[in-house]
Amino acid sequence: MQPILEVRNLVKCFPEVRAVDDISFIIEPGTCFGIIGPNGAGKTTTIEVIEGILSQTSGDILYKGKKRGTIFNEEVGIQLQNTELPMFLTVKETLDTFRNLYNNMADLDDLVETCHLKDIINRDNRKISGGQKQRLLLSMALANDPELVFLDEPTTGLDPQARRNLWDIVNLIKQKNKTVVLTTHYMDEAQILCDRIALMDYGKIIAIGSPAELLEKHCKGTTLSIKNTINKNMLEKLPWEWFKIQDRIEIHTNEINECINFLLENKIDLSTMVVRSQNLEDLFLKMTGKQLRV
Amino acid sequence: MWRRIWTLFKTRNHEFFRDKSALGWNFVFPFLIIAGFGFLFGDNGKTLYKAGIIRTEVSETASMNLSSNNLKFEIFRKTNFIEFIDFKSKDAAIEKLRHHRIDFLINPDSGKYWVSKSSPNGYIVEKLFHASFYDKPETFIKQTIKGREVPYVEWLFPGILGMNIMFSGLFGVGYVVVRYRKNDVLKRLSVTPLKPYEFLTSQILSRMYILLTTTFIVLAGCMLFFKFENRGSYANLFIIFALGGFSMVALGLIVASRSSSEEFAGGILNLITWPMMFLSEVWFSLEGAHPLVQQFSKLLPLTHLIDGARKIMNDGAGLLDIKYQVLMLTLMSIVFLVTGSVLFKWQKD
């Protein structure tokens with residue numbers, strides 16, 4: 001199957017920084033592709049270069065096998081990270097405005113239903129909550145019934161309930177066989193929504209694959225987390241990889257029983273111990289030596 | 001293309017007409033200015049000079065007897081356009097004269113008067129004071145202007161309308177586009193099929209519609225309330241207002257073409273509007289001003305807008321009579337529009 005989007009050796013340099021450093025990936029139609037990384041990793045720059053907001057320094061971006069032309073703007077939907085809504089307009093008027101900018105307009109009722117906007121459809125943009133605003137911005141990205149949708153950190157700053165509402169909507173979009181490109185620094189979000197992810201840091205892709213593949217390849221083990229009461233000498237004797245995360249120590253191990261025995265033998269207090277399977281956050285920590293959300 | 005332009009035209013109009021404070025200001029501001037000047041410079045209340053009169057209790061008694069000086073003073077007091085202000089204290093009156101609060105001071109009982117050597121107005125009032133004692137010269141024959149004279153407020157009115165068009169055109173486009181850029185509304189629009197010229201056309205059309213609608217509502221309101229007269233054709237007035245408004249909107253586009261800082265744009269807009277306000281004859285004529293100032297004034301679109309509007313409204317001029325103003329406004333509009341369009345960028349720098 002022809003990829004809907006192909007990025008080849010993409011580079012974007014600003015005067016003092018190489019924000020995107022020779023990255024390549026392909027996105028299959030009907031999948032959700034996540035670009036994950038901490039703030040400043042180059043996620044938004046990558047997505048904005050692909051969207052055409054920024055020009056690339058070098059590299060190629062192919063949409064349906066061809067260079068992006070006017071058809072690209074007609075067929076993609078975009079939700080930017082921080083956009084103010086037009087003032088003094090209602091939700092319905094805002095949606096109508098954006099629908100009318102495209103030749104192919106999505107059905108208004110369908111949009112309202114998909115993005116749960118019925119209750120606020122006649123409300124002034126200035127009087128809607130953060131979660132409602134994100135839903136409206138998402139519906140604006142769907143105003144042309146796009147084949148490819150870019151969502152740049154759509155849940156940043158939302159409360160847990162609003163985040164879950166938005167995940168439901170993204171899942172609905174996926175069910176309609178649309179391709180979604182999502183940037184986020186929430187690992188749980190990427191794990192739940194994305195079919196494939198690219199892990200970015202300092203403008204480079206440091207790992208790419210499905211969440212299951214990446215975890216299988218890099219993070220088979222268990223993470224044991226305890227409050228940091230272990231002295232420095234003892235930490236140096238630990239035979240497993242460990243990381244200091246705020247006031248806790250996280251030990252990555254494939255031998256959880258041996259690890260617990262070792263800690264008990266050395267009279268380490270395990271009353272604050274948490275044991276869990278490794279996730280993408282651990283993967284990022286392992287590959288970069290730093291936390292994802294900093 | 002036209003559907004996109006029409007959509008953004010409607011959107012911008014909604015924004016403007018629903019913003020009650022901005023809408024109110026656009027209508028109320030010119031009314032307030034006209035009403036204020038109507039009050040200050042009404043036909044009966046217009047004063048050009050102020051003369052102080054020293055009155056004491058003794059002199060009040062004396063004035064009842066109408067001494068020779070007092071008799072002469074009463075003739076002087078009938079002079080039009082001089083406001084006479086009574087003072088009980090000579091020292092207080094001289095202090096006012098020293099600070100140019102009054103132009104002339106007289107004590108009719110003592111037969112003394114005071115003027116400040118550094119006051120041009122004082123010099124004129126002194127001349128008027130002396131002239132009031134003489135009969136009319138017989139070598140010159142008085143003639144009056146034929147037809148209706150133009151009261152100051154009616155002369156001022158096109159200037160106020162022009163100034164309102166200037167503010168509406170410049171700030172209405174300049175400030176709004178900069179705000180759109182700052183808030184990333186332009187960035188969001190740039191990733192739709194919308195072309196820059198479609199966006200700019202919609203903003204120009206919307207502002208022209210708003211600007212002409214508010215101008216003609218203010219015009220109608222002032223004519224109704226203040227009984228102003230338009231001696232020319234309304235069609236010609238529409239043409240000169242439309243051209244003048246277009247040149248301002250196009251100039252606003254240049255300011256809005258790159259900046260994403262409302263403070264910077266506000267500063268630039270003030271830098272443009274303030275000289276125009278004073279050098280385009282909004283408030284006073286530049287007759288007799290330095291030739292360089294007069295030449296500079298011709299470079300300002302507001303000068304041609306107000307000049308054309310005054311010729312139509314005050315003198316009943318036709319389109320041919322204002323062809324110079326029409327030509328200048330057209331040329332300026334083209335230059336501003338092309339420059340603004342070439343410089344325009346969706347994104348922040």
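Analyst: Chain B holds 14 helices and four strands; helices (H or I, at least four residues) and strands (E, at least two) are DSSP runs, numbered from the N terminus. This is a predicted model, in which local features need pLDDT of at least 70, side-chain atom pairs count only at pLDDT 80 or more, and totals for chains, interfaces and linings use all residues. Residues are numbered from 1 along each chain as its sequence is written, while chains are lettered from A and ligands numbered from 1 in the order in which they are written.

User: What is the mean pLDDT of chain B?
Analyst: The mean is 83, and 89% of the residues of chain B reach 70 or more. pLDDT is the predictor's confidence in each residue, from 0 to 100. For the complex, the predictor gives an ipTM of 0.77 and a pTM of 0.74.

User: How is chain B divided?
Analyst: Chain B has domain 1 (2–41 + 151–343) and domain 2 (49–131), with bounds from an automatic or database domain assignment. The centres of these two domains of chain B, taken over C-alpha atoms, are separated by 46 Å.

User: And which domains does chain A have?
Analyst: Chain A is divided into domain 1 (5–211) and domain 2 (221–277). Their centres, taken over C-alpha atoms, are separated by 39 Å.

User: What about a sheet in chain A: in which order do the four strands come?
Analyst: The order is β2-β1-β4-β5 in an open sheet of chain A, with antiparallel pairing; two strands pair if DSSP finds at least two bridges between them. At the edges stand β2 (17–27) and β5 (66–67) of chain A, each with a single partner strand, so one side of each has no neighbour in the sheet.

User: How many bridges join β1 and β4 of chain A?
Analyst: Five bridges join strand β1 (residues 5–14) and strand β4 (residues 58–63) of chain A, in the antiparallel sense. Val7(A) has Ile61(A) in β4(A) as its bridge partner.

User: Now the contact: how many residues does each chain give?
Analyst: Chain B gives 19 residues and chain A gives 20 residues; two residues are in contact if their C-beta atoms, placed from the backbone, lie within 7 Å.

User: Which element of chain B gives the most to the side that touches chain A?
Analyst: That is α1(B), with seven residues.
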